[in-house]
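This report describes one protein chain for a reader who is new to structural analysis. Please keep the sequence and the three-dimensional view at hand while reading.

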Amino acid sequence: MELLGETAWRRLHMAVWMSLLVLLLAEASVGVPALWRNRMPSWGFAPTHTLGVARLDSQSSAAQVHLPEPHLASDLRPGDRVLFARVADRWLVPEPGAEMQVMRQRSGEPDHRLTLRAEARPFTANERFDYICRLLQALPAMVLALLLARQRPLQPATRHLAWAFLGFAVSPFLNFTFGQALAPAVVKTLSFIAIPFAVYQILCFAVRYAEEFGHPLRSYLQQLLWPMRLLTLASIAWLLLYFSGRPWPMLGWLLPASMGMAQGLTLVALFMAYSRSSGRARSRTRFLIAAFMLGVAPISLLLAAGDRLPGFEAGPLGWPLLLLFAGYLLSYLGLGYAVLRHRVFDLYLARDRALVYGVALLLVTVVVLLLKFLLQAPLTALLSLLGNGMERKLVEAALAVAVYLSGHFTFHWLDHSVQHLVFRRRLHQAQQMRQFMHEAQHISGQEQLLRRFHEELERFSEHAGNVIYLRLAGGDFAQVFNSIPRAPHLLEGDDTLLVRMRSQAKPRWLEGNEHAQSGSDVVGALALPMLRRGQLAGLVVLGTRSDREAYRPEEVELLSEVVAHVALDLQAIAAARWEEAGMTSGPAAALEH
């Protein structure tokens with residue numbers, strides 16, 4: 001599918017997307033009214049452990065009975081096994097009044113043929129929650145598949161992720177389904193086939209994504225795609241045999257093996273990308289790993305532990321269902337956000353903020369409890385003396401305002417104190433940079449100012465390196481100070497980065513495919529424009545940090561402010577020189593070499 005052009009690929013993707021939409025709407029048109037009426041037609045039993053994804057056993061048409069009285073059919077008991085004529089019948093919700101012949105298997109008794117009649121019964125808590133969540137789970141998968149196909153159809157990694165989301169969109173058909181409006185056997189087979197297909201597409205996405213960072217072992221990972229493709233096709237072939245009534249139990253290992261190996265290789269590819277990425281790409285890769293683990297961890301735990309987990313039973317609503325669907329939803333949203341979003345949220349920043357606010361909130365809680373213990377007795381005595389008149393109400397209102405204000409100011413003071421304790425080094429660097437900004441206006445020499453600025457940038461970035469460019473009379477830009485290896489000494493005036501900065505005077509990130517494909521000669525992690533009267537007069541480029549983390553938003557804001565002040569100080573120095581030289585014309589080339 002990578003060989004298809006943009007138009008052909010979009011048309012194919014849209015055709016599959018529309019077909020899935022029709023299937024989902026047909027399913028919801030029958031299932032949602034049944035949920036509303038709380039009447040579920042049933043054969044008088046339900047398969048054990050209806051948990052988000054049905055289990056496939058060696059007897060493809062068998063189901064174990066778990067429904068307690070009074071919902072059991074008269075000739076069934078909990079623990080019986082029921083054999084169907086067709087595999088899909090074990091999950092299909094029948095039409096009311098329908099009849100079906102099955103074979104009952106009971107320990108210690110010969111097999112017995114039964115005729116079951118479908119009758120309506122109320123949904124169990126697990127069945128209701130399971131069906132609603134699987135319908136809602138398909139919504140973000142469909143939306144993200146459409147967004148990926150429309151916004152980034154030419155990127156191979158994004159194409160694979162779009163196909164994966166279409167595979168995940170069939171989740172409403174994995175367990176019991178109201179399939180009267182559909183071809184139940186075909187839809188059930190396609191829904192199970194889509195799962196190994198989607199897992200393989202996620203693997204392809206991770207491998208293509210890791211290729212962008214040039215890991216030395218990426219070629220070995222690419223060579224493993226072909227064996228994984230064959231294993232996935234073999235597991236799909238086994239599923240076709242399974243739903244045709246010929247399960248071949250000796251090949252039942254194919255499906256878990258292909259999915260387990262694909263998920264393991266996906267994690268390896270993402271960690272390979274993480275080890276080679278830097279800046280914003282590193283934050284994006286970290287987000288992808290977290291989103292992938294949110295989806296894999298719950299289902300792996302449930303399938304591995306099974307009914308040994310407390311709360312796994314299908315009667316009352318158990319915590320495994322909540323864990324499963326929460327993991328799925330967060331995984332879908334996380335993957336889509338990390339790929340579609342130009343700048344992702346920094347998880348380390350979220351961790352740091354949670355640490356600060358958690359410690360501050362804990363200390364405030366301790367202070368409030370201590371004050372309550374010390375002041376409860378005297379305040380209770382005071383209020384009892386005031387009776388129930390207006391004076392008591394005024395005192396209670398004053399106490400409430402005092403408690404609120406004291407808690408508010410205490411929290412902010414503790415928050416400020418904890419930040420200075422936890423982020424002391426970072427705050428010290430920002431304080432030094434602000435001090436330089438205030439001192440820069442008192443430096444009278446241009447070279448001395450730029451040298452001091454270069455040194456402060458080195459200290460602030462922890463010796464990540466930086467380059468300061470100034471505009472020449474001819475329009476090109478020459479470096480004044482440089483500590484980034486391989487940084488060009490001269491930039492042409494029509495360099496792609498310079499053109500973009502003239503059109504939009506804002507900081508630019510220099511990492512990722514967008515900058516690599518732009519053709520710009522600038523090397524670094526972050527570029528900041530130096531403006532004079534709205535015109536680009538210089539450029540400051542910062543290198544990649546030693547920990548390869550991106551510059552935080554508050555750091556970029558501070559650096560932009562400092563660069564703007566230095567540009568004004570340089571203009572003031574140039575104007576002073578013109579005035580001392582007795583020139584009558586203005587400093588037209590104030591920042592030009």
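Is the crossing of α1 and α3 left-handed or right-handed? The crossing of these two helices, taken from a predicted model, is left-handed.

## Packing of helices α1 and α3

Two packed helices are described by the angle between their axes and by the distance between those axes. Helix α1 spans residues 6–37 and helix α3 spans residues 156–168; their axes are 11 Å apart and meet at an angle of about 15°. Because angles under 35 degrees count as roughly parallel, α1 is roughly parallel to α3.

On the α1 side, the contact is made by Glu6, Trp9, Leu12, His13, Val16, Trp17 and Leu20. Helix α3 contributes Arg159, Ala162, Trp163 and Leu166. Sorted by class, the contact of α1 with α3 has eight nonpolar residues, one polar residue and two charged residues.

## A residue of helix α4

Ser191 belongs to helix α4, which covers residues 184–211. The relative accessibility of Ser191 is 1%, so this residue counts as buried, the cut-off being under 20%. Leaving aside residues up to four places away in sequence, Ser191 touches Val170, Phe173 and Leu174.

## The chain as a whole

The chain contains 16 helices and 12 strands. Of its 593 residues, 47% are buried. The chain exposes about 29,800 Å², and carbon and sulfur atoms supply 62% of that area.

Contacts may also be described by separation along the sequence. Among contacts between residues at least 6 apart in sequence, 68% join residues at least 24 apart.

Terms used: Residues numbered from 1 in each chain as written. Predicted model: local features only at pLDDT ≥ 70, side-chain atom pairs only at ≥ 80, totals over all residues. Heavy atoms only, no water. Helix = DSSP H or I, 4+ residues; strand = E, 2+ residues; numbered from the N terminus. Buried < 20%, exposed > 50% of the residue type's maximum accessible area, 1.4 Å probe, protein only. Contact = heavy atoms within 4.5 Å. Areas by Shrake-Rupley, 256 points an atom, 1.4 Å probe, with all protein chains shown as cover. Axes fitted to C-alpha atoms, helices over the stretch in contact; angles between N-to-C directions. Parallel < 35°, antiparallel > 145°, perpendicular 65-115°, else oblique. Left-handed = near helix turned anticlockwise from the far one by under 90°. Nonpolar A, V, L, I, M, F, W, Y, C, P; charged D, E, K, R; others polar.
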